[in-house]
Amino acid sequence: MSYSVLLLACVLAHHAIFAASTPPTSVGVCYGTLGDNLPLSSDVISLLERCGIYKFRLYNPNLNVLDTLLRQSDRMVSVGVPNEHLSILASSLDEARNWVAKFYTPYRRLNIENIVVGNEVVPGENAQYLVGATRNLYTAFREATFPDMILTTALSSGSLVNTYPPSQATFSPEAIGVMTDYVNLLKELDMYYNMIYIHVYPYFAYAADPANVRLDYALFQATEPVFHDGDLAYFNLFDAIYDSFMWAMEKINGQDIYLAVGESGWPSAGNGNFTTPQLAQTYMTNLYQHIVVDNKTPKNSKGMRGVMAFALFNENLKPPGVEQNFGLFYPDLHAVYPTPFCQCKC
Ligand SMILES: *[C@@H]1O[C@H](CO)[C@@H](O)[C@H](O)[C@H]1NC(C)=O
């Protein structure tokens, strides 16, 4: 291949990944709002459009953001139901009807990807309400003549045990009962598609045990398999975590439920040299490539159904340390580091 052909191939490959006109619909950003210095929602939605970020995840039905979206944009949104609302939604169908009437019906023109019932609620004191709340919301959406709304939930890897090697992973004793009931509910409801968001954070595994977890393995940079699990070869920690969820789901007969990545990120500050803008940029760039281009794990050859990058902004009301420093952007709308999730210069 001549040099110029090679160069053209590189330019085309680069274009395919970064072309601003065609953002991949599988990629979005989590819009957390735990900051007292965050921009106006209209400026945030303009930022998403400028950056070619096609969809975003809201952790609660923030009426201010939803109203702005209605006026201003066709961005797709995933809307969360806060954990503390689950018990009342589970307790009565009327409460679920009220929820739909207040937070959904005025916004039915919006491009709503799904409703996330509970965020990392399993295991925990509100986990017991997940199935009941989901069932009541499902009924309420059907009555509101919107039978195709996708209901889901979001899980942290704290719901798993025995994740090494991934094939040994199961839901923890505290989580497995609820998760079994939840998987059975999804199968019974048989929505247009059944999916669960999983939160995948190689950063936390690396930071907890840097003596044994290699940085190149956490950052998608290993060039040889780091370990084998049966026939499966693992080059990166992200895949090991993703596949742990797959194995745990399989053990409760949930293998037909899609696992989409509802959060993944790397903090740019807060923990010394483990958290620099350079490391965060490397992780996020390689994550994007892995989801958009590779789109498979050793166990999942069918595709990962996208990722929501965590997070849009540094949020100063979260616990001090790394938690405040996951943002792709500072509250003043400047990028913390360049990333393919944002296809513009900000
Ligand atoms: C952080 O600094 C320590 C001590 O200098 C060093 O051993 C380690 O490799 C550094 N880690 C990273 C991720 O740069």
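Analyst: One definition comes first. A residue counts as buried under 20% relative accessible area, exposed over 50%, and partly exposed in between. Keep in mind, too, that this is a predicted model.

Start with Glu250. Its relative accessible area is 32%. By the cut-offs above, Glu250 is therefore partly exposed. Its side chain forms a salt bridge with that of Lys299, at 2.8 Å from N to O. Where do the two partners, Glu250 and Lys299, lie? Glu250 belongs to helix α10, which covers residues 237-251. Lys299 sits in the loop between α11 (277-294) and β12 (307-309). The two are 49 residues apart in sequence, so this pair ties together separate parts.

Arg305 is partly exposed, at 45% relative accessibility. Asn295 is found in the loop between α11 and β12 as well. Phi of Asn295 is near 50 degrees, again positive in a residue other than glycine. At 28% relative accessibility, Asn295 counts as partly exposed.

Now widen the view to charge pairs elsewhere. Side chains of opposite charge can pair when their charged atoms come close. How many salt bridges does a search of the whole structure find? It finds 8. One of them joins Glu49 and Arg75, at 3.8 Å from N to O. Glu49 lies in helix α2 (residues 41-50), and Arg75 in the loop between α3 (63-72) and β3 (76-81). These positions are 26 residues apart in sequence, so the bridge ties together separate parts here too. Are the two ends buried or exposed? Glu49 is partly exposed, with a relative accessible area of 32%, whereas Arg75 is buried, at 12%.

Another salt bridge stays inside one helix. Arg97 pairs with Asp94, and their closest N and O atoms are 2.7 Å apart. Both belong to helix α5 (residues 93-104). They are 3 residues apart, which means about one helical turn separates them. Arg97 is partly exposed, at 34% relative accessible area. Asp94 is partly exposed as well, at 46%.

Look at His199, in strand β8. It counts as buried, at 1% relative accessibility. The side chain of His199 makes a polar contact of 3.0 Å with that of Arg57. A second polar contact, of 3.5 Å, joins His199 to the side chain of Glu263.

The structure holds 24 aromatic pairs. Tyr201 and Phe310 make one of them, edge-to-face, with 6.3 Å between centres and 85 degrees between planes. Tyr201 is in the loop between β8 (195-199) and α8 (202-208), while Phe310 is in the segment after β12. The pair links distant parts of the chain, 109 residues apart. Tyr201 is buried at 12% relative accessibility, and Phe310 is buried at 6%. Both belong to one aromatic cluster, whose members include Tyr206, Trp266 and Phe274. Phe310 has a backbone feature too: its peptide bond to Ala311 is cis, with omega near 10 degrees.

The last stop is the ligand. Tyr206, a member of that cluster, surrounds the ligand together with Leu215 and Asn273. An oxygen atom of the ligand is 2.2 Å from an N or O atom in the side chain of Asn273. Taken alone, the ligand exposes 370 Å², and the protein buries 34% of that.

Methods. Residues are numbered from 1 along each chain as its sequence is written. This is a predicted model: local features need pLDDT of at least 70, side-chain atom pairs count only at pLDDT 80 or more; totals for chains, interfaces and linings use all residues. Side-chain values use heavy atoms; hydrogens and water are left out. A residue is near a molecule or strand if one of its heavy atoms lies within 4 Å of it. A polar contact is a pair of N or O atoms within 3.5 Å; within protein, one must be able to donate a hydrogen and the other to accept it, and residues adjacent in sequence count only if both atoms are side-chain atoms. Accessible areas come from the Shrake-Rupley method with a 1.4 Å probe; for residues, only the protein chains shown count as cover. A salt bridge is a side-chain nitrogen of Lys or Arg within 4 Å of a carboxyl oxygen of Asp or Glu. Helices (H or I, at least four residues) and strands (E, at least two) are DSSP runs, numbered from the N terminus. Buried means under 20% relative accessible area, exposed over 50%, partly exposed in between (1.4 Å probe, protein chains only). Rings of Phe, Tyr and Trp (its six-membered ring) pair if their centres lie within 6.5 Å; planes under 30 degrees apart count as stacked, over 60 as edge-to-face and the rest as tilted.
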